[in-house]
Amino acid sequence: MKKVICKSYEEMSALAAFTIALQIQSKPDSVIGFATGSTPVGTYKRLIEMEVDFSKVTAFNLDEYYPIKRDNPQSYCYFMKEKLFSHINIPVGNINIPDGECDEPVKECADYDAKLERLGGTDLQILGIGKNGHIAFVEPAENLPLATGLVDLTDDTIKANSRFFDKPGDVPRQAISMGLRGIFNSRHILLLISGQGKAEVAKKLFAGELSTNVPASLLNLHPNVTVITDGSTD
């Protein structure tokens, strides 16, 4: 695991964007895994400013709330369009996001994994990390999911997400999330960590002790992980 400590969020975002751009430059038809949340917003902004050519890129998002409509401003589909996809030249048919409106979530999850596997996994997977150590919506548990599936969100995650919704009752209790197999099949994982609130979980990650109670700690098993922090966690 390679660790890069930046002096600011802006520097972290610039370095992350450069890493993504370099991947696409070296392989124009790269399969890129994208994450949502506040941490990668600066990275996506920089990518837009750099005018990176996404015309041959295939995008796979980590997760989506369930159930939720695509045009809901809090859906990850809406988020990705607003923060990145509507500002770059990626073909709409190359964008893959779990369908939060589907009637058969089990089939949706199986089809999502099958498509990613046919493409050979992601060349670069962007990740954030939750305060409880979750990656995607792989939450702390005794047994962690390998496949993409419909998962129950923990109380901590629901509470953390409640700030984005008008009422507590509007916060989704479930999500469709990529599992560990999809994440670990990536040839390069780029983990972004920002904010003092992530300092404790960052320490656990870098301690190298593996625990399903801190799903992100399992990234220590992957052969090619780059962690970029904004310096506030150290």
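Author: With what covers helix 2. Its buried residues are covered by elements including helix 1 (9-26), strand 2 (31-34), helix 3 (76-83), strand 6 (124-127) and strand 9 (189-193). Contact means heavy atoms within 4.5 Å. Helices (H or I, at least four residues) and strands (E, at least two) are DSSP runs, numbered from the N terminus. This is a predicted model: local features need pLDDT of at least 70, side-chain atom pairs 80 or more, while totals for chains, interfaces and linings use all residues. Residues are numbered from 1 along each chain as its sequence is written, and side-chain values use heavy atoms, without hydrogens and water.

Reader: Which residues of helix 2 are buried?

Author: An α-helix has 3.6 residues a turn, so residues three or four places apart point the same way. In helix 2, Gly42, Thr43, Tyr44 and Leu47 are buried. Buried means under 20% relative accessible area, exposed over 50%, partly exposed in between (1.4 Å probe, protein chains only).

Reader: Where is Met50, and what is its relative accessible area?

Author: Met50 lies in helix 2 (residues 41-50). Its relative accessible area is 37%, so Met50 is partly exposed. After helix 2 comes Glu51, with a positive phi near 55 degrees.

Reader: How do I read strand 6?

Author: In a regular strand the side chains alternate between the two faces of the sheet. Strand 6 is covered on both: Leu124 and Ile126 are buried on one side, Gln125 and Leu127 on the other.

Reader: How many bridges join strand 6 to strand 9?

Author: Three, and the two strands run parallel. Pairing takes at least two DSSP bridges. Leu127 stands opposite Leu191 of strand 9.
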